[in-house]
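Okay, thanks everyone for coming.

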Amino acid sequence: MYDLVNDYHIAVPTAFYDNEDLNTEAMLQHITHLYGQGVKSVMVCGTTGEQHSLSLTEKMQLLKSLDADSTLPDDLEILFGVASIRQKEALQLAEKVNASPRISGVLLGFPPYIMPSQKEAKLYVEAIAKIIEKPIILYNNPRRTGFNLELDTFSELIKLPNIIGIKDAGDSARIPELISVADKKINIYAGGEIDLDKKITLGANRLSSMAGNLYPTEVEAYFTDLLHGHSDGTKNAGIEEKIRNVFAGNPIIYIKNEITKQTNIDMGIARSPLGNL
């Protein structure tokens with residue numbers, strides 16, 4: 001059986017120097033800091049919207065830095081984002097991810113901009129999934145990629161044994177349909193904390209968190225309460241306000257600035273044009 005241990009992971013931002021080069025040291029420091037606060041699972045190279053600004057070489061560099069860091073705890077579950085506008089590059093990255101002893105699972109995204117057909121996207125996933133002998137979460141994000149995974153295509157892909165579920169940043173109203181067309185028990189990842197209560201009511205049972213970069217224990221407690229039907233409006237008011245602040249503007253810029261303020265770990269800038277003033 002393929003699966004991941006944790007139902008809550010934090011999508012960590014990629015740190016950059018002022019010249020926009022990768023700063024893997026700062027990213028690793030942030031991951032270690034999160035672990036010290038009780039975080040057991042992180043996502044690298046995915047979800048934060050920065051992945052497609054990274055070249056294949058840079059993605060390999062991120063992966064290499066994770067493999068080389070002997071201080072990372074053995075029980076830290078690390079997921080890695082795999083996606084590319086070119087399938088050839090996605091396959092090259094998938095081979096390295098599969099060989100990595102540090103990576104527990106993969107968030108598999110669809111190519112941006114080129115808008116593949118459903119058949120083309122299905123073959124893309126199948127080719128990558130054939131290489132990766134680890135749990136895979138599909139990542140459907142129509143607003144960012146221009147591509148929307150249809151239910152019929154999903155129902156075929158979910159039959160692959162290593163695909164354990166989906167993070168769907170599209171229409172959350174179709175969560176029950178995603179569950180109903182699957183031929184096995186699947187995991188539905190809520191992407192971020194916006195409308196988290198509604199997503200869980202519809203069937204989401206796991207969380208890919210951005211706000212957790214700043215409030216890891218608070219977000220996890222909030223998610224766990226909602227998941228078990230123990231929501232308390234008064235108790236949750238504080239964390240819900242913090243979440244609204246994270247997503248009021250550009251979340252990646254807000255998160256990086258706040259990490260730097262709170263921890264003195266310099267996560268740097270976002271790659272322009274993000275962050276242009």
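Let's start with helix α3, residues 87-99. It has 13 residues, and at 1.5 Å a residue those should span 18 Å; the C-alpha atoms at its ends are 18 Å apart, so the two agree. Keep in mind that this is a predicted model.

Now, which residues of α3 are buried? They are Ala90, Leu93, Ala94 and Val97. If you look down the axis of α3, its buried residues sit within an arc of 110°, so they line one face of the helix. Here's the general idea behind that: an α-helix has 3.6 residues a turn, so residues three or four places apart point the same way. Over on the other side of α3, Lys88 and Ala99 are exposed. And what covers the buried residues of α3? The cover includes α2, β3, β4 and α4, which is 118-131.

Okay, zooming out. Eight strands make a closed barrel, going β1-β2-β3-β4-β5-β6-β7-β8, and the pairing is parallel. From one strand to the next, the twist averages 25°. Helix α2, residues 56-68, packs on the sheet, where it touches β2 (41-44), β3 (77-82) and β4 (103-109). The direction of α2 makes about 170° with that of β3.

Four of the five residues of β7 are buried, so to speak "mostly covered". On one side there's β6, residues 163-168, which runs parallel to β7 and is joined to it by three bridges.

With helix α8, residues 196-202, β7 and β8 form a right-handed β-α-β unit.

One last stop: where is aspartate 183? It's in the loop between α7 and β7. Aspartate 183 and isoleucine 158 are 25 residues apart in sequence, but 7.4 Å apart in space, C-alpha to C-alpha. Leaving out residues up to four places away in sequence, aspartate 183 touches Ile158 and Lys159.

Conventions: Residues numbered from 1 in each chain as written. Predicted model: local features only at pLDDT ≥ 70, side-chain atom pairs only at ≥ 80, totals over all residues. Heavy atoms only, no water. Pairing = 2+ DSSP bridges. Helix = DSSP H or I, 4+ residues; strand = E, 2+ residues; numbered from the N terminus. Axes fitted to C-alpha atoms, helices over the stretch in contact; angles between N-to-C directions. Contact = heavy atoms within 4.5 Å. Buried < 20%, exposed > 50% of the residue type's maximum accessible area, 1.4 Å probe, protein only. Right-handed = clockwise from strand over helix to strand, strands pointing away. Expected span 1.5 Å × (residues − 1). Arc of directions from axis to C-beta.
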